Amino acid sequence: MNKTASILGSTGSIGTQALEVCEKHDIRVTALAAHSSTDLLEQQARKFKPAYVGIYNEKKYVEMKERLADTDIKVFCGIEGLCEIAALPQSDIVLNSVVGMVGLLPTLTAINAGKDIALANKETLVAGGELVMSAAKEKGVRIYPVDSEHSAIFQCLQGNKRSQLSKVILTASGGPFFGKSYDELRSVSKADALNHPNWSMGNKITIDSATLMNKGLEFIEAKWLFDLNPKQIEIVVHRQSIVHSAVEYDDYSVIAQLGVPDMKIPIQYALLYPDRKPCPTWRLSLTDYGSLTFEKPDYETFRCLSAAVEAINRGGSYPCLVNSANEEAVRAFLHDEISFISIGEIVSSVLDSFEFSDIVCYEDVMRADTAARNYVREKIRANDYADSK
Ligand code: MG
C-alpha cells in the first residue's frame, strides 16, 4: 500500500519540493497546510486532492473555503487547524516544514498522536528539543530529519553502532559573506543577504544562512536529534555544499554523505526511509567539481553562530531565547528596520540579558519565546539601529 503523508507548509520551498517527491513516488497526500498563500494552496489541493486543507492565517479561512467550495475538501484554519492536520489518523507521516517557532505545537501534537515526523522545521528542536525528543521516545515515534546536514548524519549512522560514534562534522556553505570582515558586513544590503550562492530557499532561512545563524540552529538541532554532547559537534565550512555532513567513529573512520545541493534528496529519504529510489533531481559528478574545500568558521565575525553554540552549551531556555530573538531580528531586517550586523548584535545580547531558566513544559517555551521577542522589539525601539543601515 502507498504511504500517506500530511504536508505542513506545503506552499513553501520545502513543501513544494516535497510534493514533487510525493508525485514521483505515489505518496498519497492526506492533507496540505500553508501559512497564507491561498492561490498556490488551491492549485495544490486541486492537483493532489487531499481530504483536508489548513490555512494558518485565519483571515484567509473564508476565502479558502470559497475557493474549494466545489470540492469535498475540509478546510481548517489557525494553529488549531495545523494541529488537527498534524494528528490525522489517515497519515503515516507528517512533514513539518512550517517556518519558525510556530511549528513546535504541531510537531508535539503529531508526536502525541503517534505520527512519524519528517522534520524540516528546525526551530521545533531548537526551542523545544528536550520536550520533543522525550515525547517522541515515549510514543515510539521516529523523527526523520529533512535538513540536508542532519539527513546526511542520519544516513551516515545507518548500519553502524551509535555507541561507537565519536563526533559529527556539520558542514556549512559559509553563506554569501564568507571571508568578509565584520566591518565589511556593515554595508550589506537586503538584496545581498537574500542571494545565497548554492541553495534556493525561503527568505527566513536565506538570511539565517547569511548570518550563519542557520548553522547555529543546526548545531542545536544536531545535539537533540542525535543525542550528542555539544563538544562532539564540529562545524566545518565547505563552500561547495556537496559533502552534506559527516560522522566520525571511535576507529577514526569518517563517513560522509555527498550529493548535489538539492533538498529533494533529503526530503525523499525522510519520506521513503529506508528505501532509495531515483530522485527527481540530477546526479553528482565529482569531476565537474574538481576540488572540495574545508575551512574553519569565523565565530567572531558571525556572532549569531557563536551565540547559538553558547546558548546550547548553557542549556535551559537559552536556545529558545536566541532562536526567538533571531526570528524577531530577521523580521525587522526584512522590514528595513535594522541593519544586517544588528541581527548578530541583538541575538548575542540575549545571552547577557536573561537569567538561566529551565524548560520543562510547552508553556516554559512559550514564556521564553514571548520574553525574547518583547526584549528585541524594545531594543529596536530604544536603539537607532537604522543608523547603521
Ligand atoms: Mg541545512
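Colleague: Which residues coordinate the magnesium ion in this predicted model?
Modeller: Donors are N, O and S atoms within 2.8 Å of the metal (3.2 Å for Na, K and Ca), and water is not among the atoms, so sites may look incomplete. The donors of the magnesium ion lie at 2.1 to 2.2 Å. They belong to Asp147 (OD), Glu149 (OE) and Glu218 (OE).

Colleague: How far apart in sequence are the parts that aspartate 147 and glutamate 218 tie together?
Modeller: The donor residues follow the spacing D-x1-E-x68-E. Aspartate 147 lies in the loop between β7 (143-145) and α7 (148-157), whereas glutamate 218 lies in helix α11 (residues 213-225), so the pair ties together parts at a separation of 71 residues. Helices (H or I, at least four residues) and strands (E, at least two) are DSSP runs, numbered from the N terminus. The separation asked for is therefore 71 residues.

Colleague: Which atoms are left out of the side-chain values?
Modeller: Residues are numbered from 1 along each chain as its sequence is written, and in this predicted model local features need pLDDT of at least 70, side-chain atom pairs count only at pLDDT 80 or more, and totals for chains, interfaces and linings use all residues. Side-chain values use heavy atoms, and what they leave out is hydrogens and water.

Colleague: Are aspartate 147 and glutamate 218 buried or exposed?
Modeller: Buried means under 20% relative accessible area, exposed over 50%, and partly exposed in between (1.4 Å probe, protein chains only). By this rule both aspartate 147 and glutamate 218 are buried.

Colleague: How many disulfides does the structure hold, and how far from cysteine 156 is the nearest cysteine sulfur?
Modeller: A disulfide is a pair of cysteine sulfur atoms within 2.5 Å, and the structure holds zero disulfides. For cysteine 77, the nearest cysteine sulfur is that of cysteine 83, 12 Å away. Cysteine 156 is in no disulfide either, and the nearest cysteine sulfur, that of cysteine 279, is at a distance of 17 Å.

Colleague: What is the relative accessible area of cysteine 156?
Modeller: Cysteine 77 is partly exposed, at 21%. Cysteine 156 is buried, with a relative accessible area of 3%.

Colleague: Which strands stand at the edges of the four-stranded sheet?
Modeller: Two strands pair if DSSP finds at least two bridges between them. Four strands form this open sheet, in the order β9-β8-β10-β11 with mixed pairing. Each edge strand has a single partner, so one of its sides is left without a neighbour in the sheet. These edge strands are β9 (233-237) and β11 (254-258).

Colleague: What angle does the direction of α7 make with that of β10?
Modeller: In the sheet, strand β8 (residues 165-172) runs parallel to β9 and is joined to it by five bridges. Helix α7 packs on this sheet, touching β8, β10 (243-249) and β11; contact means heavy atoms within 4.5 Å. Axes are lines fitted to C-alpha atoms, for helices over the stretch in contact, and angles run from 0 to 180 degrees between N-to-C directions. On that basis, the angle between α7 and β10 is about 40°.

Colleague: Which residue has a side chain in polar contact with that of histidine 238?
Modeller: Histidine 238 sits in the loop between β9 and β10 and counts as buried at 0% relative accessibility. Beyond its neighbours within four places in sequence, its contacts include Thr171, Val243 and Phe294. The polar contact, of 3.1 Å, is with the side chain of glutamine 240.

Colleague: Which strands stand at the edges of the seven-stranded sheet?
Modeller: This open sheet has the order β4-β3-β2-β1-β5-β6-β7, with parallel pairing. Each edge strand has a single partner, so one side of it has no neighbour in the sheet. The edge strands are β4 (74-77) and β7.

Key. Polar contact = N/O pair within 3.5 Å; in protein donor to acceptor, adjacent residues only side chain to side chain.
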